[in-house]
Every structure is written in C-alpha cells, then in structure tokens.
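Take a moment to look over the model below. Then follow its helices one at a time.

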Amino acid sequence: YIPLAESFDHEHSGDWVSPAYRPIRSHTVAFPLALPSEGDLTLYVRVKGDARLYGEGRRLTVSLERSESFIGETRSFNYLQGTYAGIVLAMVGYNFILFLGLRERTYLYYSLYVLSFGLVWAARADFPFEYLWPNFVQWNFDSDFYFAGCAVFFSAVFVRSFFNLRRGPKAWDMAVW
C-alpha cells in the first residue's frame, strides 16, 4: 500500500494469486515500485502467512533491486532451471526408449521415478504454477504432495525391480514396500 492524498494505491500478490495476475509475472513475489528522486516514500505491507508447506519456518525478506538487475537474475535463474529440466527430461526419454526397445520394466520404473522426482522439483520451484496451471491455485498447493508420493512409490518399485527382490529374501522385499 502506498499512501496517496486521500486513499491508497495498492498491489496484490502472493502464493494464492496466479502468476498471470501478479504485478510482475514471476514465480517469485515482486512488485514494481517507482521511487521518487528525492524525499521519502512510505509503504505499508500486509502479510498473511500459510504454514502448510512442510512445516517450514516463514520469514519475510524484502529487498530493493533495479529492474535491470531483477530481470537479469530472473533470466539466469530460469536458464539454470531450464538446463536442469532438460537433463531430467533427457534421462526420462533415454530410459523410456530403452524400455521400448528392450522391454525391460526396470527402465520404465526408472523413467517414472525420474519424472515424478522432476515434478517435485518443478512444483517446489513454482514453474508449473507459472506455465502449466496458472489458474489452479489449490492444485498448485496440493500437487507437490502427490508428486512426492509418486516419487517415493516409483523409487520403491524401481529398487524392487532393479535388485529383483521378489526372488530374494522376503525381508528385503518387505523392507522396500
């Protein structure tokens, strides 16, 4: 909130606001701010928290950056994340092609594990919320739990298949399940 003569100018953003409707379309919460060349600027911030995310402690960190710096840092961050996503997709594709060619289910299980683990990373970084489902706020909050569950499940299925635990000692097979 920025005080004006008789009212306030305000911007609204946060986890429950789709990136398409944020003041700056980004996976982070950022606001454009025109600073006066001289004098002071008074701002009021209303913060409402949600402690559902893995019991993490919440902090409010505020920083001022020039728009050029913010754009450069965001672009670098997105390039690095895109590189990581490309590596994950290449691993998924390579192992899926091996599954199709060899008909060995272990490659399919590994592909599904890597894909679900990659989706956990993507959901935690808010990229699907920004690009795939920007209007599904509730699904954005719930999706990482489903992706994590799939990652755990497919990792167990992969380990069981890779070590052929069905034919080994029952205790080892039960430990994986």
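Predicted model: local features only at pLDDT ≥ 70, side-chain atom pairs only at ≥ 80, totals over all residues.

Which residues of α2 are buried? They are Thr106, Tyr109, Ser111, Val114, Ser116, Gly118, Val120, Ala122 and Ala123.

Now check the length of α2. The helix has 20 residues, and at 1.5 Å a residue these should span 28 Å. After α2 comes Asp126, and its phi is positive, near 65 degrees.

Two packed helices are described by two things: the angle between their axes and the distance between the axes. Here α2 covers residues 105-124 and α4 covers residues 137-162. Their axes come within 8 Å. They cross at roughly 155 degrees. Angles over 145 degrees count as roughly antiparallel, and α2 and α4 are therefore roughly antiparallel to each other. The crossing of α2 past α4 is left-handed.

Who makes this contact? On the α2 side the residues are Thr106, Tyr109, Tyr110, Leu112, Tyr113, Ser116, Phe117, Leu119, Val120, Ala123 and Arg124. On the α4 side they are Ser143, Asp144, Phe147, Ala148, Cys150, Ala151, Phe154, Ser155, Val157, Phe158, Ser161 and Phe162. How many residues of the contact of α2 with α4 are nonpolar, polar and charged? There are 16 nonpolar residues, five polar ones and two charged ones.

Turn to α1, which runs over residues 67-102. It has 36 residues. From first C-alpha to last, α1 reaches 52 Å, close to the 52 Å expected at 1.5 Å a residue. In α1 the buried residues are Phe70, Thr74, Gln81, Val88, Val92, Asn95 and Phe99. What covers these buried residues of α1 includes α2 and α3. Arg103 follows α1, with a positive phi near 55 degrees.

What does Phe70 touch, leaving out residues up to four places away in sequence? The residues are Ile24, Ser26, Thr28, Ala30 and Glu65. Take Ala30 from that list. In sequence, Phe70 and Ala30 are 40 residues apart. In space, they are 9.3 Å apart, C-alpha to C-alpha.

Technical notes: Residues numbered from 1 in each chain as written. Heavy atoms only, no water. Axes fitted to C-alpha atoms, helices over the stretch in contact; angles between N-to-C directions. Helix = DSSP H or I, 4+ residues; strand = E, 2+ residues; numbered from the N terminus. Parallel < 35°, antiparallel > 145°, perpendicular 65-115°, else oblique. Left-handed = near helix turned anticlockwise from the far one by under 90°. Contact = heavy atoms within 4.5 Å. Nonpolar A, V, L, I, M, F, W, Y, C, P; charged D, E, K, R; others polar. Expected span 1.5 Å × (residues − 1). Buried < 20%, exposed > 50% of the residue type's maximum accessible area, 1.4 Å probe, protein only.
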